[in-house]
Amino acid sequence: MSEETLGFRSLEMPKVIALRLSRVFVSLGPFLAERFHHNSFISSAKTVAAVAAPLKASRQRFPGSPPFLSQASRSRTMTCMNNELPMLDDLIAVLDRTPATLTALLDGLPEIWVTAREGDGTWSPFDVVGHLIHGERTDWIPRARHILDGDPRPFEAFDREAQFSESRDKSIGELLETFGVLRRENLETIRGFSLTSEDLERRGLHPELGEVTLGQLLATWVVHDLDHVGQVARTMAKVNAGTVGPWAAYLSILRDRQG
Ligand code: NI
């Protein structure tokens, strides 16, 4: 990955912060529409694009920096913490521990927690782990390869309900183990790509969202993990929604994302 990436260091702080924020939103913009699939909520990709457009314009005023920096580049930014950019190693650090996080949270728990749902049409923690497994098999790495191959065709559509058949007759322990194995293999694959900053700017065609970059795909992989970890915690919290009495007023997790 190129180290000739730190031209933004000379910018004064407010611009750097604005640039950093704009990158985060631009990176995530095309995928924000997709996040709502967890709750059977159909969002408008157009709305997301409208929000992202001015941010993208702001980014274009400061060209020259890729969305990710190498470890070596990062060490040169440490004197000014606020202008650090997300980098591949940072993303992998989160992706690497998601299986262990979910295993610690779910493995061996009584059924009531594992099969709980927030409401009709929402997913239990068991469903979520099955969905993450399907993503490891059919989404992140196949789409990364698709982009790196320069394939102009749209990505194959992601099946958002595959887990309902694929997880049938399996235990949560089996699913967590499978997720851990697949994630480890996929991170080895990503490391094996030896991605450059130019690679991260390469584009593919999402079947619903249109043009996206490899960097956006990888950033989305991380946010998608965290989104579902949050969903699992929220769903478990709601098992006790009716039993906390007046403390419900202090527990915002019980009001978030009604199912
Ligand atoms: Ni999802």
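Modeller: Helices (H or I, at least four residues) and strands (E, at least two) are DSSP runs, numbered from the N terminus. The model discussed here is predicted.

Biologist: Which pattern does the protein follow when read along the sequence?
Modeller: The protein has 11 helices and two strands. Taken in sequence order, these elements give the pattern α-α-α-α-α-α-α-α-α-α-β-β-α.

Biologist: Among the elements, which helix has the highest mean pLDDT?
Modeller: For the protein, the mean pLDDT is 77, with 66% of residues at 70 or more. The lowest mean pLDDT among the elements, 40, belongs to helix H2 (residues 45–60). The highest, 98, belongs to helix H9 (residues 172–192).

Biologist: How many contacts beyond near neighbours in sequence does the stretch of residues 32–67 have in the model?
Modeller: The pLDDT is below 50 over residues 32–67. Where pLDDT is low, predicted coordinates should not be read in detail. With that caution, the contacts of this stretch beyond near neighbours in sequence number 54.

Biologist: What share of the contacts with a separation of 6 or more comes from residues 24 or more positions apart?
Modeller: The protein has 259 residues, of which 30% are buried. Of its contacts with a separation of 6 or more, the share joining residues 24 or more positions apart is 74%.

Biologist: How many residues of H6 are buried?
Modeller: Helix H6 (residues 125–138) has 14 residues, and its span of 20 Å from first to last C-alpha is close to the expected 20 Å. The buried residues of H6 include Phe 126, Val 129, Leu 132 and Ile 133, and also Asp 127 and Glu 136. They pack against several helices, among them H4 (88–106), H9 and H11 (214–237). H6 is mostly covered, and its buried residues number 12.

Biologist: Are H4 and H11 roughly parallel or roughly antiparallel to each other?
Modeller: Residues of H4 including Leu 91, Leu 95 and Leu 102 belong to a contact that includes Leu 218, Val 222 and Val 229 of H11. The axes of H4 and H11 are 10 Å apart and the helices pack at an angle of about 20°, and the crossing is left-handed. Angles under 35 degrees count as roughly parallel. H4 and H11 are therefore roughly parallel.

Biologist: Are H7 and H11 roughly parallel or roughly antiparallel to each other?
Modeller: In this contact, Trp 140, Arg 143, Ala 144 and Ile 147 in H7 meet Leu 214, Leu 217 and Trp 221 in H11. The helices pack at an angle of about 170°, with axes 10 Å apart. An angle over 145 degrees counts as roughly antiparallel. H7 and H11 are therefore roughly antiparallel.

Biologist: Is Leu 148 buried, exposed or partly exposed?
Modeller: Leu 148 is found in helix H7. Not counting residues up to four places away in sequence, Leu 148 touches Phe 193, Asp 199 and Arg 202; the C-alpha atoms of Leu 148 and Asp 199, 51 residues apart along the chain, are separated by 7.2 Å. A buried residue needs 20 or more other C-beta atoms within 10 Å, and an exposed one has 12 or fewer. Leu 148 has 14 C-beta neighbours inside 10 Å and therefore counts as partly exposed.

Biologist: Is Asp 149 buried or exposed?
Modeller: Asp 149 lies in the loop between H7 and H8. Its C-alpha atom is separated by 9.5 Å from that of Gly 204, 55 residues apart along the chain. Because 10 other C-beta atoms lie within 10 Å, Asp 149 is exposed.

Technical notes: Residues are numbered from 1 along each chain as its sequence is written. This is a predicted model: local features need pLDDT of at least 70, side-chain atom pairs count only at pLDDT 80 or more; totals for chains, interfaces and linings use all residues. pLDDT is the predictor's confidence in each residue, from 0 to 100. Two residues are in contact if their C-beta atoms, placed from the backbone, lie within 7 Å. The expected span of a helix is 1.5 Å times one less than its number of residues. Axes are lines fitted to C-alpha atoms, for helices over the stretch in contact, and angles run from 0 to 180 degrees between N-to-C directions. Angles under 35 degrees count as roughly parallel, over 145 as roughly antiparallel, 65 to 115 as roughly perpendicular and the rest as oblique. A crossing is left-handed if the near helix is turned anticlockwise from the far one by less than a right angle, and right-handed if clockwise.
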